[in-house]
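Please report on how the two chains of this model meet.

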Amino acid sequence: MIVAATWDVDDLGRAGCELVGAANRLGAALGAEVAFVSLAADGAGAAEAAGTHGAARAFVVLGDHAVSGSEGSVAALAELARELNARAVLLPADEQGGEVAPRLAERLAGTAVTHALAIEAADGRPVWTRPVFGGKALATVMATVEPVVATLRRGAFDPAEETGGSVSIEAREVPAGDGAVELLDSEAPAGGASLEDAAVIVSGGAGLGSAEAFSELEELARLLGGAVGASLAAVDAGWAPPERQVGLTGKAVSPDVYFALGISGASQHLAGIGSAKAVVAVNTDPDAPIFRTARLGAVMDCREFIGALVAELRRSAR
Amino acid sequence: MHAVVLLKQILDWEVPPQRFRIDPETKRPPDGLAPKLLGPFEQNALELALQLKQVGAVERVTALLAGPAGATDVLRKALAVRAEEAVHVEIEATDALDPSQTAALLVAALRRLESVDLVLAGRQAGDWDHGQVGYLVAERLGWPAVGLVWRAELRDGRLHVWRSGASSVEHFAVRLPAVLTVTSHADLRLRMGSVMDLMAANKKEITSWTPAELGLGVEEFAAARRLELGDVRVPELEPQCELVEGEDAADVAARILERLAELKLLERTA
């Protein structure tokens with residue numbers, strides 16, 4: 001079996017469809033069926049959708065996943081992977097997936113492959129492509145043991161298509177933990193649309209120069225109906241919280257338009273925006289690597305540009 | 001409490017993409033392409049350990065590294081910011097370790113060290129970017145792990161940690177011993193050692209162990225590998241950027257909005 005698992009609530013979502021799509025293709029190449037596992041508190045909708053997108057079996061895992069950090073998901077997936085004799089487990093390459101994959105792989109005496117961008121089967125063996133050196137190079141890796149627990153980059157895989165099939169949903173429970181990790185509080189930061197689902201992202205980097213300049217992105221995002229993102233440099237400077245970071249060590253995003261403002265375009269940042277339809281880059285340095293990726297660009301001070309764009313959007317909104 | 005920080009020496013991660021190369025023979029960047037430095041997230045992990053020591057939660061900080069002989073520079077750096085001890089598991093420069101092998105060496109060393117309560121690792125080494133070693137170490141020691149942490153406090157015997165999840169800041173209490181992986185944060189920029197500390201660090205002894213001394217013979221070490229490296233290539237980007245110019249910033253902004261509307265990427269509300 002090939003297992004695809006997500007933490008998506010309600011339905012499969014874009015990222016879930018990509019995971020199931022990748023699992024379907026890997027399953028076809030290896031002659032294995034696909035099982036979907038929802039690790040959300042209420043995952044029946046996602047499990048049902050997986051069934052209509054090619055999964056042969058679909059599971060929900062009932063109970064509180066969040067309270068033990070990643071332990072609940074690791075323990076639940078370990079039981080299911082053994083039961084299903086999984087050859088591969090595919091997870092989203094997000095905060096949770098990055099923590100679950102190596103731990104689960106170790107528990108199953110397998111191996112993890114993180115941030116996969118492509119999967120090919122060679123002689124019945126999956127070959128995984130992943131970014132290395134902060135996205136400056138791509139490497140292929142093969143596992144010498146099974147199962148492989150892989151995290152898949154959002155936007156890198158074609159989503160599963162509807163097959164019209166349906167499955168009966170099977171239920172499991174989160175195994176009781178030992179309480180070694182206990183979630184005490186989970187605080188959603190005020191405001192700010194989700195980066196993963198935003199059609200427009202205005203992202204700021206070191207070129208903004210100050211926290212004050214960075215904060216002006218909020219108004220720009222509001223006017224564009226988008227979300228605010230940040231480069232690692234902006235997060236390190238304390239201008240934006242870590243959950244706003246876009247890049248290899250932050251979020252992989254897939255908006256229609258990605259404004260890179262005062263972002264030079266380090267590879268590790270570019271690794272997070274490969275799925276954007278168009279990048280608009282504004283930077284004072286004409287040689288900045290961001291212009292090699294951008295669709296539209298302007299060589300100028302990004303603070304001036306932000307002010308002008310805000311004024312222009314306000315004017316046209318009137 | 002005794003905290004051990006897992007360190008790694010990596011190629012300067014700021015080397016620009018235009019200059020980055022991979023030697024097809026070794027599948028690694030050629031020697032001398034750029035200086036080798038203490039990885040950015042390892043710096044954050046070390047700083048977190050030092051801060052815990054500053055407030056009395058940690059008594060002793062040990063810096064632990066598995067790498068070739070030249071990599072001890074980063075252990076000196078840790079001693080210069082007053083880590084109490086530095087331990088080097090020495091491997092051949094040509095050994096390209098996979099995460100499982102690195103974890104095997106580190107776990108063997110951690111078992112040899114005295115009463116370790118906390119292991120701090122960077123979220124991922126900025127060269128091969130696996131992001132696995134901290135978690136593999138936790139699993140092999142049977143310890144709990146929390147990832148992407150940027151703040152920690154000791155309260156009533158448990159370590160309270162904060163990290164950024166997918167959409168919220170999460171606050172956990174963790175029973176010790178435990179492993180944390182640490183991410184970058186404005187509060188975790190590694191301090192500089194004083195000149196005096198730097199000089200003292202150069203005189204300090206670094207404990208050095210070979211894999212064999214830790215019970216990992218050549219065969220066991222080879223068998224610990226779980227990932228084979230295929231090919232490594234530098235992708236080529238074909239620039240297609242259309243530079244927009246105008247009389248002033250307002251003109252440029254208006255033209256960019258216009259182009260985005262023409263490309264059907266953005267709806268104009270006007």
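Strand 8 (residues 137-143) of chain A and strand 12 of chain B run antiparallel, joined by five bridges. Strands pair if DSSP finds at least two bridges between them; strands are DSSP runs of E, at least two residues, and helices are runs of H or I, at least four residues, numbered from the N terminus. Within this pairing, A:Ala143 stands opposite B:Leu227.

This is a predicted model: local features need pLDDT of at least 70, side-chain atom pairs count only at pLDDT 80 or more, and totals for chains, interfaces and linings use all residues. Residues are numbered from 1 along each chain as its sequence is written, chains are lettered from A and ligands numbered from 1 in the order written, and side-chain values use heavy atoms, with hydrogens and water left out.

The interface in numbers:

| Item | Value |
|---|---|
| Residues of chain B in contact (heavy atoms within 4.5 Å) | 81 residues |
| Residues of chain A in contact | 86 residues |
| Salt bridges (Lys or Arg side-chain nitrogen within 4 Å of an Asp or Glu carboxyl oxygen) | eight salt bridges |

One salt bridge links the side chains of B:Arg163 and A:Glu99, at 2.9 Å, N to O. Helix 7 of chain B gives the most to the side of chain B that touches chain A, with nine residues.

B:Pro99 lies in helix 3 (residues 99-112) of chain B. Leaving aside neighbours within four places in sequence, its contacts include B:His130 and B:Leu227.
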